[in-house]
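Hello,

Here is the structure I promised to pass on. Please open it and keep it beside you while you read my notes below.

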Amino acid sequence: MDQVILDIKNVRFRWKNSGSLLLNLPEFKIEKHEHVFLQGPSGSGKSTLLALVGGILVAESGTLKVLGQDIQNLSRSGRDSFRVDHIGFIFQLFNLLPYLSIEDNVMLPLSFSSIRAKRAGKTKLDQVNEARRLLKALALGEQLAEKSPVIELSVGQQQRVAAARALIGNPELIIADEPTSALDADVRHSFLELLFGECKKAGSTLLFVSHDSNLCELFNRKISIDELNNIRN
Amino acid sequence: MLNLLVRSLWNRRGTAVLTIFSISISVTLLLGVENIRQGVRTSFSSAVSGTDIIVGARGGSLQLLLYSIFRIGNAPNNLSLESYNEFRNNRRVRWTIPLSLGDSHRGFRVLGTNQDYFKYFRYGSKKKLEFTKGKSFSEVFDAVIGSEVANNLKYQLNGNIIIAHGTGNISFLKHEDRPFKVVGILRPTGTPVDQTIHVSLEGITAMHIDWKSGAPPLEGEGLSSEDIMKLDLKSEEITSFLIGLRSKIHAFDLQRKINSYKEEPLSAIMPGVALQELWDILRTAETGLRVITWFVLFAGLLGMITALLSGLNERRREMAILRSVGAGPSTISFLLIFEAMVLTFTGILFGLFFLYITLFVSQPLLEAYFGLFIPINSISFKELILLGGILLTGMLMGVIPAFKAYRQSLVDGMTIRL
């Protein structure tokens with residue numbers, strides 16, 4: 001059972017004020033170490049699915065297990081801490097807090113999760129070193145040494161800082177929501193390679209969401225939201 | 001978490017500084033008004049310590065208090081020396097101080113009195129008058145000046161003073177032919193004594209001798225100072241007198257006796273009672289002032305809430321990022337309440353800072369121009385409670401943006417909206 005990271009069964013979701021069903025997912029499983037590419041056009045319910053997995057939204061029925069825990073049974077604050085303990089997020093744009101340094105942005109989840117803080121290092125210094133190691137591995141050593149403010153980083157560099165933040169403390173699941181859509185084609189590939197490499201090292205499973213099917217060859221499993229979502233039934 | 005809050009605030013330091021500034025101004029105002037109010041009261045009360053009864057011509061008790069002690073306004077009438085002597089020799093009276101007012105010197109009042117003034121007059125916590133330089137008057141044309149008179153007019157010992165008739169700053173009738181000599185300068189007291197020129201009762205008479213129908217003698221016709229000193233200068237009238245009793249128990253008794261004195265219509269007042277009357281009159285004004293300062297504070301806090309509320313929209317990204325790393329809506333609303341608290345607290349600290357700066361700067365000025373001595377005390381327990389109340393109010397008002405942030409972060413979730 002602990003080999004299954006995400007286990008969705010018969011999950012149905014609709015917005016409270018609009019009557020129509022938005023998601024109806026009979027079954028969706030992600031195994032450990034999988035790199036899953038979830039493809040779908042915008043407005044197809046991808047973001048809603050991610051919000052369900054992250055515990056921001058709650059389905060009207062069905063079970064949604066992350067690491068064997070049905071997060072729908074947790075309290076709201078339980079879901080909030082479960083999210084930071086086990087999932088790292090990367091978004092399309094504006095991932096960083098402009099008033100924090102590069103390192104502090106990376107270490108942000110550690111102040112919300114003792115589990116990930118422990119995994120990142122025993123002491124504060126160990127944790128800082130882990131953040132630096134990740135940043136260097138993601139080819140940001142130069143910016144780190146120069147102590148560049150995050151607002152001066154390029155979009156590609158910002159996304160790599162966000163990746164380091166998602167990876168720190170080795171969460172079991174990394175969710176990337178269109179992280180490359182603002183990047184140029186050549187930068188896109190190098191970003192993905194670095195991300196894959198670090199996911200492997202950390203032993204994290206990756207759920208990558210994008211509308212851009214050109215990227216899908218790089219993943220070992222590809223699935224379309226339309227295959228999962230059965231709203232007609 | 002605190003680090004995060006401080007950095008976030010620092011990122012918005014422009015608005016934060018303005019918010020803190022407006023809160024601190026209102027705190028300064030609130031405590032400042034209270035300080036001045038207290039200062040005025042102690043100042044007034046300290047000007048009459050030790051005096052049991054003040055006697056003047058028949059009139060309002062407040063008026064009597066104001067002209068005889070604070071040199072504010074004028075006496076409606078004088079009283080005869082016979083009446084003064086009558087009560088001076090009363091067996092219950094320990095001491096008296098005669099006061100003769102009505103003349104001025106460059107805006108400072110001239111007070112005619114006798115040696116008993118320096119012997120019995122008390123101010124503050126029963127303190128005696130002391131000389132910085134010189135001594136009490138002994139000759140007719142000797143004068144003892146208060147510390148402010150000396151400071152403002154740069155008078156030294158043995159300098160000459162020409163006294164004007166009436167109490168205005170500029171007078172056309174001057175006792176130019178009869179200058180006075182400064183023989184003593186008093187130590188500062190923080191009371192109207194500092195702004196007073198003291199001369200003997202004989203000196204007052206001497207000034208007005210051979211004046212006809214309120215006008216000075218024509219040039220060459222008047223008597224010279226030397227001639228005057230040979231005359232009998234016993235005065236026939238004084239303005240009022242202060243009484244110290246052997247035992248305070250008899251104060252009411254004597255007051256009644258003076259008020260019903262058959263020979264001359266007199267008024268006797270107890271300074272404490274008259275002061276209370278003054279406070280009662282001032283209370284309305286004080287309340288008005290206090291209400292205004294409370295509104296200023298309210299406006300300051302409201303400004304903070306407005307700033308926090310309008311900032312929320314721009315901070316949606318910040319909130320969404322915080323939610324993605326595990327902050328719940330309650331954590332985010334807690335951050336806002338905490339932010340309101342930090343802003344209010346910093347505002348209070350700066351307010352206290354401004355208050356003490358202002359007090360230190362204005363203390364000598366108020367003393368010089370208004371004879372008001374505002375003591376600079378450390379924060380009282382009452383003020384501490386007040387400040388605590390302000391902090392609590394700031395926090396409670398922080399609930400409004402916190403609630404909005406709570407709802408906003410529930411709706412937005414991790415979605416970054418711009």
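First, a term: a nonpolar core is a set of buried Ala, Val, Leu, Ile, Met, Phe, Trp, Tyr and Cys residues joined through C-beta atoms within 7 Å. Keep in mind that this is a predicted model.

**Cores.** The largest nonpolar core holds 98 residues. Within this core, A:Val106, A:Ala164, A:Ile168, A:Ile175 and A:Leu207 touch the most other members. Its largest share comes from helix H12 (residues 329-370) of chain B, which gives nine residues. Now find A:Leu207. Leaving aside neighbours within four places in sequence, A:Leu207 is in contact with A:Ile30, A:Val36, A:Leu38, A:Leu173 and A:Ile175. Another core, of 55 residues, lies apart from the largest one. Its members include B:Phe121, B:Leu129, B:Ile204 and B:Leu242.

**Sheet.** Look at chain A next. Four of its strands form an open, antiparallel sheet in the order E2-E1-E4-E5. The edges are strand E2 (23-31) and strand E5 (69-70) of chain A, each pairing on one side only. Helix H1 (residues 46-53) of chain A packs on this sheet. H1 touches strands E1 (4-13), E2 and E4 of chain A, and its direction makes about 120° with that of E1(A). Two bridges join strand E4 (residues 61-66) of chain A to E5(A). In E5(A), A:Asp70 is the bridge partner of A:Lys65.

**Where the chains meet.** Chain A brings 25 residues to the contact and chain B brings 18 residues. On the chain A side, H1 and helix H2 (76-86) of chain A each give two or more residues. H2(A) gives the most, with six residues. That side divides into 15 nonpolar, seven polar and three charged residues.

Best wishes

Notes:
Residues are numbered from 1 along each chain as its sequence is written. Chains are lettered from A and ligands numbered from 1 in the order in which they are written. This is a predicted model: local features need pLDDT of at least 70, side-chain atom pairs count only at pLDDT 80 or more; totals for chains, interfaces and linings use all residues. Two strands pair if DSSP finds at least two bridges between them. Two residues are in contact if their C-beta atoms, placed from the backbone, lie within 7 Å. Axes are lines fitted to C-alpha atoms, for helices over the stretch in contact, and angles run from 0 to 180 degrees between N-to-C directions. A residue is buried if 20 or more other C-beta atoms lie within 10 Å of its own, exposed if 12 or fewer, and partly exposed in between; C-beta atoms are placed from the backbone. Ala, Val, Leu, Ile, Met, Phe, Trp, Tyr, Cys and Pro count as nonpolar, Asp, Glu, Lys and Arg as charged, and the others, Gly among them, as polar.
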